[in-house]
Amino acid sequence: MHFFEILLLFIAGFLSGVVNAIAGGGTFLTFGAMTLGGLPPIVANATSSIIQLPGYITSALAYAKEIRADRRQAIQLGVISAVGGLAGAVLLISLSNASFRALVPWLLIAATAIFAAGPLLKPKARIDEHAISPAGIVSQFVTSIYGGFFGAGMGIMMLAVLGLATGGGYHRLNALKNFISIVIATIAIVVFAAGGVVSWLHAAVMVPGAALGGYLGVWAARRVPQAVIRALVVAIGLLLAAYYFFTG
């Protein structure tokens, strides 16, 4: 790996951390940077899961009080999501790079659409909490399969699904989402590592950048409107999708 490539990967990791801190969508940058740099798409996708994990952990720690107060539903949803995440990760490594490459532009378009619709999918501020509904269990299971398989836009999907599945205010749902994201990402990373589809060198370069970007992203979040960052991420998602369509 050349110095210039290392620098670009570090910058991509840094920018993904900044973007995640402001509006989410950092996966577009990490996955895009690695695949455009020549990494096979399955390896880039698996490695991107590792790069996103530290952000999930720090966000969950910030919500530790809420997660402890809601531990019963957190465990229930965590078990459901672990099974779904496992299924999604196993499905990914069962594909060839060529098969997954053919799916990438469609996955990017779907993830970009979900991300663009994020403000509309946010749960309402005051919704009564209730037991997890059967439909909610199925919806969360499907979402976790997607999270283990690809992951871009997973957080926005989960906020919408959890709002229907169990209700509650935004911060309660965000706390559950962050906890479940750790579960799905951890299960997926174990599967990816066992399957030998992780580039640890790329992860080692990008994780410090993502961590630094996540920290400085808090500063940027107070100065850069979310709408601006969201529009930028949507543009990147569409450009990547177009690239994969026309080079496929």
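This is a predicted model: local features need pLDDT of at least 70, side-chain atom pairs count only at pLDDT 80 or more; totals for chains, interfaces and linings use all residues.
**Notebook: spans, a cavity, a patch and a pair**

I started with residues 141-164: their end C-alpha atoms lie 13 Å apart, and the span is 83% helix and 0% strand. Helices here are DSSP runs of H or I with at least four residues, strands are runs of E with at least two, and both are numbered from the N terminus.

Residues are numbered from 1 along each chain as its sequence is written, and side-chain values use heavy atoms, without hydrogens and water.

For residues 74-95 I found the end C-alpha atoms 31 Å apart, with 95% helix and 0% strand.

Then I went looking for a cavity (on a 1 Å grid over the protein atoms alone, points where a 1.4 Å probe fits but cannot get out; lining residues have an atom within 4 Å of a point). The search of the whole structure gave one cavity of 30 Å³ or more. The largest cavity holds about 110 Å³, a volume being the space filled by probe spheres set on the joined grid points. Of its 13 lining residues, Ser49, Tyr56, Gly147, Phe150 and Gly151 are the closest to the centre. Helix H3 (41-62) gives the most, five residues. I sorted the lining by class: six nonpolar, seven polar (Gly counts here) and no charged residues.

On the surface I found a nonpolar patch with about 1000 Å² of accessible area together, Phe3, Phe10 and Leu212 among its residues. Patch residues have over 30% relative accessible area (Shrake-Rupley, 1.4 Å probe) and no salt bridge, with nonpolar side chains joined within 5 Å. Helix H1 supplies the largest share, seven residues, and Phe10 lies in H1.

Last, salt bridges (a Lys or Arg side-chain nitrogen within 4 Å of an Asp or Glu carboxyl oxygen). I counted one: Asp70 with Arg172, closest N and O atoms 2.6 Å apart. The pair links distant parts of the chain, 102 residues apart, with Arg172 in helix H10.

Notes: On a 1 Å grid over the protein atoms alone, a cavity is a set of points where a 1.4 Å probe fits but cannot get out, and a pocket is an open set with protein on both sides within 12 Å along at least five of seven lines; lining residues have an atom within 4 Å of a point. Patches are made of residues with over 30% relative accessible area and no salt bridge: like charges are joined within 9 Å, nonpolar side chains (Val, Leu, Ile, Met, Phe, Trp, Tyr) within 5 Å.
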